[in-house]
Amino acid sequence: MKELLPDPKRLSSANTARTYPVEVETLAGTVEEAVDELPRWTLAGSSKTEVRASRKTRFPGLTHEITVRLTPSPAGAHTNTRAEFWSASRVGLLELSQNRRNLDVLIAEIDRKLTDFQSDL
């Protein structure tokens, strides 16, 4: 008999994607800076194409893993970068929409930093 319950991993994660009008290196650096400046966020690792972080909640023992995968997507004379965001709770179903909020906070900080960067040019 086929299982009727949804996959628990899908219930305890969130994802989204965006395209930014900057090169991969610029976006990777911006994501790292954003993670460093957000409270209770820690940079877990990074490369040219991926940034990994964790965020501890105020509730003891709950930590969320955040991954941002970066893919260059040249379009004509401009270089864009596609960013795929993913947040997952380390603890099953107890995420209470925190994964979506994690992504919203991170994206807002990245957008703010890129807006500041472009206005400085």
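## Confidence

In this predicted model, confidence in the protein chain is lowest in helix H1 (residues 8-11), at a mean of 51, and highest in strand E2 (residues 41-46), at 97. The score is pLDDT, the predictor's confidence in each residue, from 0 to 100. The protein chain averages 85. A pLDDT of at least 70 is reached by 80% of the residues. Over residues 1-8 the pLDDT stays under 50. For that stretch the model has 2 contacts beyond four places in sequence; a contact means heavy atoms within 4.5 Å.

Residues are numbered from 1 along each chain as its sequence is written, and side-chain values use heavy atoms, with hydrogens and water left out. In this predicted model local features need pLDDT of at least 70 and side-chain atom pairs count only at pLDDT 80 or more, while totals for chains, interfaces and linings use all residues.

## Layout

The protein chain has 3 helices and 5 strands. Both are DSSP runs, numbered from the N terminus: helices are H or I with at least four residues, strands are E with at least two. From the N terminus on, the order is α-β-α-β-β-β-β-α.

E2 and E3 run antiparallel, joined by 5 bridges. Strands pair if DSSP finds at least two bridges between them. A hairpin of 3 residues links E2 to E3. Leu-43 has Ala-53 in E3 as its bridge partner.

## The nonpolar core

The largest nonpolar core holds 23 residues. Such a core is a set of buried Ala, Val, Leu, Ile, Met, Phe, Trp, Tyr and Cys residues joined through side-chain atoms within 4.5 Å. Tyr-20, Leu-27, Val-68, Phe-85, Leu-106 and Ile-110 touch the most other members. Strands E1 (13-20), E3 (50-56), E4 (63-75) and E5 (78-89), with helices H2 (24-37) and H3 (98-120), each supply at least two residues of this core. H2 gives the most, with 6 residues.

Ile-110 is in contact with Tyr-20, Leu-27, Thr-30, Val-31, Ala-34 and Phe-85, leaving aside neighbours within four places in sequence.

## Burial and a buried threonine

Of the 121 residues of the protein chain, 36% count as buried. Buried means under 20% relative accessible area, exposed over 50%, partly exposed in between (1.4 Å probe, protein chains only).

Thr-67 sits in strand E4. Thr-67 counts as buried because its relative accessible area is 9%. Not counting residues up to four places away in sequence, Thr-67 touches Glu-50, Val-51, Arg-52, Glu-84, Phe-85 and Trp-86.
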